[in-house]
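Take a look at the sequence and the structure below.

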Amino acid sequence: MSINSQFQTGSFTHRVAVLKSQSMVEIKLAGQDMVEIVAVCPQLSLNSCEVSSGRVNYGGRLIVTVVYTDAEGKLCRIQKGAEFSHYADDERLAPAQRGYCRLVCEREQVRRDGSGFAVAVVVGAEISVYDSAQRSYLSAIDGAICRTDSAKLYSMVNFSGESEVEDDFDCVASDVLIPSAQALVLDCNARAGVVEVSGEIYLALLAVRDGAPVNLDRIIPFKCELPCDEALLSRRACCSAEVKTLNVNCKVNEERGKCTVDFDATLAFSGHFFEEEEVSCVSDAFCADSELNLSFNEEKTTVDTDFKVYSERVGGPCAAKAKIDYTCAFLAAAMPRAEFERTPDGVEGSITATLLYEQGGEVHSTEVNMPFSVALSGLSDSCRTVSVAVCGMSLRQRAEGECEGEAVLKISAADGEEHTVRYVTEATEGAPKSACDSAVSVYIPAAGDGLWETAKRLGESPESIRLSNPDLSFPLSGNERILIYRPKHG
């Protein structure tokens with residue numbers, strides 16, 4: 001008997017590649033009055049990301065804010081920017097694909113350049129490339145005995161957008177030298193036509209109070225809606241946020257001894273959610289009178305189910321690049337940021353900050369690093385997206401030459417569930433099977449065999465097995481005896 005396969009096809013979006021690239025951007029600062037640079041804050045923003053044949057080209061803008069001391073020991077500020085472009089190669093890339101790029105400042109270095117300084121920044125890029133593809137599966141095979149399952153197939157939907165966040169507040173300071181900010185998404189959901197995103201911005205201000213530098217922290221909540229025509233039903237989504245632009249304007253009220261701060265930031269969002277389709281597909285099949293050659297495909301999808309938020313206080317000894325002793329008076333721990341890796345039970349990494357201190361009547365600075373390890377309870381093994389922000393950091397000398405730090409970490413984790421579906425993509429008829437002439441056969445099964453496994457081994461339909469052996473209970477224990485009756489014809 002010849003077989004006839006019935007196919008079903010559909011399109012879906014999948015991730016083609018995740019690429020990482022690095023580039024060096026250098027900005028030169030000219031100034032005769034620059035004696036020592038005490039703080040550097042790089043700010044990155046993405047301008048473009050385009051995929052071509054075998055290559056993805058991306059470009060952005062780097063703005064560097066520098067605080068330095070002049071010949072009189074006064075703290076001054078200068079800001080300068082530069083455009084940059086770079087690329088990453090991969091043979092899987094094609095023009096029809098879409099790329100999403102996340103930029104991060106991996107490290108910065110300051111060196112003397114004649115009468116001025118040069119700031120070199122290593123810009124890291126993580127680029128996720130997506131493409132549409134076709135899936136094909138069998139819904140039935142005429143002439144074969146099929147196991148047909150109800151399965152859920154998923155297609156990823158990507159979204160991106162920008163939103164403005166504004167705030168105003170008072171702080172006890174006479175000026176703000178460097179604002180730095182981190183954005184953390186704490187919840188994200190798709191519904192008809194939009195994606196709702198909410199989270200917090202952790203703002204750190206390196207300011208001046210009574211002529212000395214101080215660090216001020218503030219948490220700014222945000223909530224926005226991103227247009228998304230592909231969003232139809234309510235879905236849990238996964239999203240990340242980057243601070244694209246950051247503007248802080250200060251108005252000093254000398255009578256009150258306060259500074260009114262107007263905060264304005266542009267946040268860039270990118271993320272995804274999954275559309276779900278329930279289908280009936282053939283997961284296995286066989287023929288009673290001939291061999292059946294099957295081809296399979298397996299899809300594994302981690303579907304986002306929940307955002308889990310943690311707030312952890314960490315502390316411990318810090319490593320400082322400069323020599324610290326009791327002649328150093330700590331002033332501010334500026335621009336703290338966390339570098340981390342996912343561990344089986346949480347995250348571990350280090351917090352890096354710029355320590356400004358006074359020594360001999362002059363303001364100096366050094367980089368400090370504090371390691372941390374945090375266990376995150378309640379996360380599944382399918383959790384892959386974790387973000388960490390530093391809400392504030394303080395430093396002190398526990399003993400001469402020993403620096404100790406304390407910080408608050410806000411951690412957001414997008415948890416998920418892994419779904420696996422395996423289906424038949426092609427079936428071809430093979431060689432005929434030799435016929436059994438026995439009127440009755442007795443089959444001794446293996447322990448744990450189910451109805452389908454038993455039927456496939458015997459070359460009979462599950463219905464006929466049930467009809468001939470109504471007392472069987474599946475899965476089998478291995479002690480059963482299964483009778484197969486073959487009626488005589490002719």
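How many residues lie between S15 and S16 in the hairpin they form? There are two residues between these strands. Keep in mind that this is a predicted model.

Strand S16 spans residues 346–359. It is mostly covered, with ten of its 14 residues buried.

Strand S15 covers residues 329–343. S15 and S16 pair in the antiparallel sense, and twelve bridges link them. Find Thr343 on the model: Gly346 in S16 stands opposite this residue.

## From S16 to S17

S16 also pairs with strand S17, residues 362–375. The two run antiparallel, joined by 14 bridges. Leu356 stands opposite Ser365 in S17.

S16 and S17 form a hairpin as well, with two residues between them. Gly360 sits in that turn. Its phi is positive, at about 65°.

## Val51 in strand S2

Now move to strand S2, residues 36–52, where Val51 lies. Is Val51 buried or exposed? Its relative accessibility is 11%, so Val51 counts as buried. The cut-off for buried is under 20%.

Which residues does Val51 touch, leaving out those up to four places away in sequence? They are Val56, Leu93, Ala94, Pro95, Gln97, Arg98, Gly99 and Val129.

Ala96 gives a distance to check on the model. Val51 and Ala96 are 45 residues apart along the chain. Their C-alpha atoms are separated by 7.6 Å.

How values were computed:
Residues numbered from 1 in each chain as written. Predicted model: local features only at pLDDT ≥ 70, side-chain atom pairs only at ≥ 80, totals over all residues. Heavy atoms only, no water. Helix = DSSP H or I, 4+ residues; strand = E, 2+ residues; numbered from the N terminus. Buried < 20%, exposed > 50% of the residue type's maximum accessible area, 1.4 Å probe, protein only. Contact = heavy atoms within 4.5 Å. Pairing = 2+ DSSP bridges.
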